[in-house]
Amino acid sequence: MKDSFTAKRNEIGGRKVSFDDIEHGALRPLIGYRAHAVLVCAARSCPPLQRFAYTGDKFEDQDDQAYRAWLARDDLNRFMPSENRVEISSIFKWFKQDFDKAGGVPRILGRYAPGPVQKFAGTGNYKMKYISYNWGLNDQGPHGRNYSRARLLFDNVFK
């Protein structure tokens with residue numbers, strides 16, 4: 001749907017809000033960079049869905065777990081110390097200001113990257129490249145795997 005994120009069709013506290021209102025007007029101001037590992041738009045390049053419901057009393061631990069799972073996925077983020085580079089999700093570029101408020105992208109990578117590359121990831125002494133975002137369906141079958149940006153545009157224009 002063309003306006004999936006911007007249409008005000010969700011009622012909260014007696015008023016209509018959009019998904020963008022929830023993300024950008026409430027969650028990001030409230031929890032900052034932590035929102036980016038738990039908000040999943042169902043695209044193939046999104047952080048992986050977790051198999052638990054987030055709760056207030058466990059949120060920090062659950063969010064830490066979500067970041068570790070996300071950064072451990074080498075199809076979504078890659079750490080290559082031998083080549084002195086990292087390739088990370090475009091989310092880190094799109095929401096750079098959120099990560100900067102928490103000390104910068106390298107600090108976040110150093111906190112959550114897989115153990116063997118954690119120290120390297122935290123240094124920031126590497127070339128950083130952002131991986132193209134795959135807006136295909138975050139499914140486990142073949143449909144989402146090869147869904148391209150061109151196909152997304154085609155589907156939006158002709159559906």
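Is Ser 45 buried or exposed?

**Before you start**

You have a predicted model open: local features need pLDDT of at least 70, side-chain atom pairs count only at pLDDT 80 or more, and totals for chains, interfaces and linings use all residues. Residues are numbered from 1 along each chain as its sequence is written, and side-chain values use heavy atoms, with hydrogens and water left out.

**The whole chain**

Show the chain as a cartoon. You'll find eight helices and five strands; these are DSSP runs numbered from the N terminus, with helices being H or I of at least four residues and strands E of at least two. Trace the chain from the N terminus and the elements come up as β-β-α-α-β-β-α-α-α-α-β-α-α.

The chain exposes about 9,900 Å², and carbon and sulfur atoms supply 54% of that (areas come from the Shrake-Rupley method with a 1.4 Å probe; for residues, only the protein chains shown count as cover). Of the 159 residues, 38% count as buried. Here buried means under 20% relative accessible area, exposed means over 50%, and partly exposed is in between (1.4 Å probe, protein chains only).

How much of the contact joins residues at least 24 apart? Among contacts between residues at least 6 apart in sequence, the share is 52%, where contact means heavy atoms within 4.5 Å.

**First stop: Ser 45**

Select Ser 45, in the loop between helix H1 (19-31) and helix H2 (59-72). Here's the reply to the opening question: Ser 45 counts as buried because its relative accessibility is 11%. Leave aside neighbours within four places in sequence, and Ser 45 is in contact with Leu 76, Ser 132, Tyr 133 and Asn 134. Zoom in on Asn 134: the side chain of Ser 45 reaches its backbone nitrogen at 2.8 Å.

**Second stop: Arg 28**

Step back to helix H1 and pick Arg 28. With a relative accessible area of 15%, Arg 28 is buried too. Show the side chains of Arg 28 and Asp 98, and you'll see a polar contact of 2.6 Å joining them. (A polar contact is a pair of N or O atoms within 3.5 Å; within protein, one must be able to donate a hydrogen and the other to accept it, and residues adjacent in sequence count only if both atoms are side-chain atoms.) Not counting residues up to four places away in sequence, Arg 28 touches Glu 23, Ala 35, His 36, Phe 95, Gln 97 and Asp 98.

Colour H2 next. Its 14 residues should span 20 Å at 1.5 Å a residue, and the end C-alpha atoms are 20 Å apart, so the two agree (the expected span is 1.5 Å times one less than the number of residues). Which residues of H2 are buried? They are Phe 59, Gln 62, Asp 63, Asp 64, Ala 66, Tyr 67, Trp 70 and Leu 71. These buried residues pack against H1, E3, E4, helix H3 (91-94), helix H4 (96-101) and H5.

Select E3, E4 and E5. They make an open sheet in the order E3-E4-E5, with mixed pairing; two strands pair if DSSP finds at least two bridges between them. The edge strands are E3 (78-80) and E5 (127-131), each pairing on one side only.

E3 and E4 run antiparallel, joined by three bridges, and the partner of Arg 78 in E4 is Glu 87. Strand E4 (residues 85-89) runs parallel to E5, with five bridges between them. Two pairs to click on are Arg 85 with Lys 127 and Val 86 with Met 128. E4 is mostly covered, as four of its five residues are buried.

Most residues other than glycine have a negative phi. Asn 84 counts as partly exposed because its relative accessibility is 41%.

**Last stop: Gly 115**

Finish in the loop between helix H5 (105-112) and helix H6 (118-123), where you'll find Gly 115. At 55% relative accessibility, Gly 115 counts as exposed.
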